[in-house]
Amino acid sequence: MPEPLRLQGISASAGYAEGPLFEFDRVASAYTAKGSAADEKAALETSIGIAKDRLAALIGTSDGDAADILEFQIAMLEDDALTGPAFASIASGQPADVAWRQGLDAEAAGYEASDQDYFRARAADIKDIRDQVLRALTEDGEVTAPPGAIFYGEDIAPTRFLDTDWRRGGGIALKAGSAASHVAMLARSRGVPMIVGLGVVGPDVSPGNLAGIALLDAEHGSVVLSPSKAEIDAFRRSSSSFSARRDQAATFLAGPAVTKAGTAVRVQVNIADPLEVDGIDVETCDGVGLMRTEFLFGKMLPDEETQYRAYRKVLEWAGDKPVTIRTVDAGGDKPVPGFTVEESNPFLGLRGIRLSLARPEIFRAQIRALLRASMHGNLKVMFPMIAVPDEYERAAALFHEEQAALAARGIAQKMPPLGIMVEVPSVAIAPEAFAHVAFLSIGSNDLTQYVMAAARDNASVAHLNSVRHPAVLRLIASVAAFGRVRDIPVSLCGDAGGDPAAIPTLIGAGLRDVSVAPAQLAMAKAAIADVSV
């Protein structure tokens, strides 16, 4: 009997699961090379067609976000920019499987090199597309997992997730992965427990550890392999407690968020795609505290009309409730061809508002779309990665210039309130330099990351990346106090706002406005109701 082994990662979807460990990473069957480049090309074309047919069949049994992800993958397979390098390699003498793997690996590596969670998470979709075509090339199938299994491997593909019947229980434990991936989003929406960033197991793991029962605690981000009876008993008590808390939290969803002392707290939602609002009852939230716009800048630069339609959809959904849209927060190594630049340290380079100001012709199109969309609801616009007042002044000036130009052309528009993200320590330490902005929104993810010098998606330094560290809390409290004195609205739109363990501390620091992932609304309101402030 092997000794128990505990692995620590990052929670991507809270919950508990107990079941057999199922390793889903395995070597694919060998590919049989064809006799000529023409035959290799034909084999790849056929396999791409098989993969598209399989995706189309899956769409027929999916809806909402799942169907959108699958349609995105079909569109990628039909994109010559993705498939072209593989066909070029075949023409130069490579067999189809090598050409396809090399081409897709290079594409995935480009996404993984980004400093943005959103773009890094897209690497999983590219690898999913890669593996589907490789399976078609080798005529290889997938091994079926046992009921209630804990899926364990490098990074699970969206199609693998959608092919699994989670009604029988089970969960996901990934050595790599991302809390911002499509699978993580699906797991949260369907209540499937999931942990990412477990890393590679050390030499102390035995084959027996990987062959037995595993306990997945995705509330605290840990997995126990080959657990003892005492660990199983303790795990089941924690699991029962979590289920009871989740059921109780659901009763808070429909009402306003209020503390025990009667203090009202506004709870808005964070979204990364306009389609997300289709699954949210607008009556359960106080608006959109953060709408990311990076989704529009995935593989190419969006035109003004595309952006306008996306923003208008969310504004019309929200009615008279506020919708805060963040201007594009791209930057880093590669993700947006024609926009971003290569840098040695993208975390501290030309990203966020710095990049937008460096490429005004691209930024102006987004500004025009926002000014036009503002006619359709209660829009607020905020700038990311502001470090000095001059950046805000230059961005605001561009808004006024574009407003005047639209007005001169007789195009309906309206200037929204303009605010900033508080995520660079220089702003949190000296907010008085921004006393003239319309609002402040604390980005707790980046603020914590920069104050603690610890990436939030790196499990090896996860213990340092805590919003509850006194240094981070002191800055949050200082910004909240500054807002009260100067009558400037202050909110928080990072992950901490939806963390029940962090909410009492944030309210104690003076915050009365948080924005959370839609799946966290009920638990956040329940946590607020238990605060005595």
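Guide: To sort lining residues by class, Ala, Val, Leu, Ile, Met, Phe, Trp, Tyr, Cys and Pro are counted as nonpolar, Asp, Glu, Lys and Arg as charged, and the others, Gly among them, as polar. The model is predicted, so local features need pLDDT of at least 70 and side-chain atom pairs count only at pLDDT 80 or more, while totals for chains, interfaces and linings use all residues. Residues are numbered from 1 along each chain as its sequence is written, and side-chain values use heavy atoms, with hydrogens and water left out.

By class, the lining of the second largest pocket holds six nonpolar, seven polar and four charged residues. A pocket here is an open set of points on a 1 Å grid over the protein atoms alone, where a 1.4 Å probe fits, with protein on both sides within 12 Å along at least five of seven lines, and lining residues have an atom within 4 Å of a point. The second largest pocket has a volume of about 300 Å³, the volume being the space filled by probe spheres set on the points, which are joined across faces, edges and corners. Its lining is made up of 17 residues, and W166, R190, G191, V192 and P193 are those that lie nearest the centre. At least two lining residues come from each of β3 (16-23) and α10 (229-249), and α10 gives the most, with four residues; helices (H or I, at least four residues) and strands (E, at least two) are DSSP runs numbered from the N terminus.

Elsewhere in the model, strand β12 (residues 322-326) is largely enclosed by the rest of the structure, because five of its five residues are buried, buried meaning under 20% relative accessible area with a 1.4 Å probe and protein chains only. From β12, P322, T324 and R326 point one way, whereas V323 and I325 point the other way. Strands count as paired if DSSP finds at least two bridges between them. Strand β11 (residues 288-291) is joined to β12 by two bridges and runs parallel to it, with M291 standing opposite I325. On pairing with strand β13 (residues 378-383), β12 is again parallel, over five bridges, and there I325 stands opposite V381.

T259, in the loop between β9 (257-258) and β10 (264-271), is another buried residue, at 5% relative accessibility.

Key:
Buried means under 20% relative accessible area, exposed over 50%, partly exposed in between (1.4 Å probe, protein chains only).
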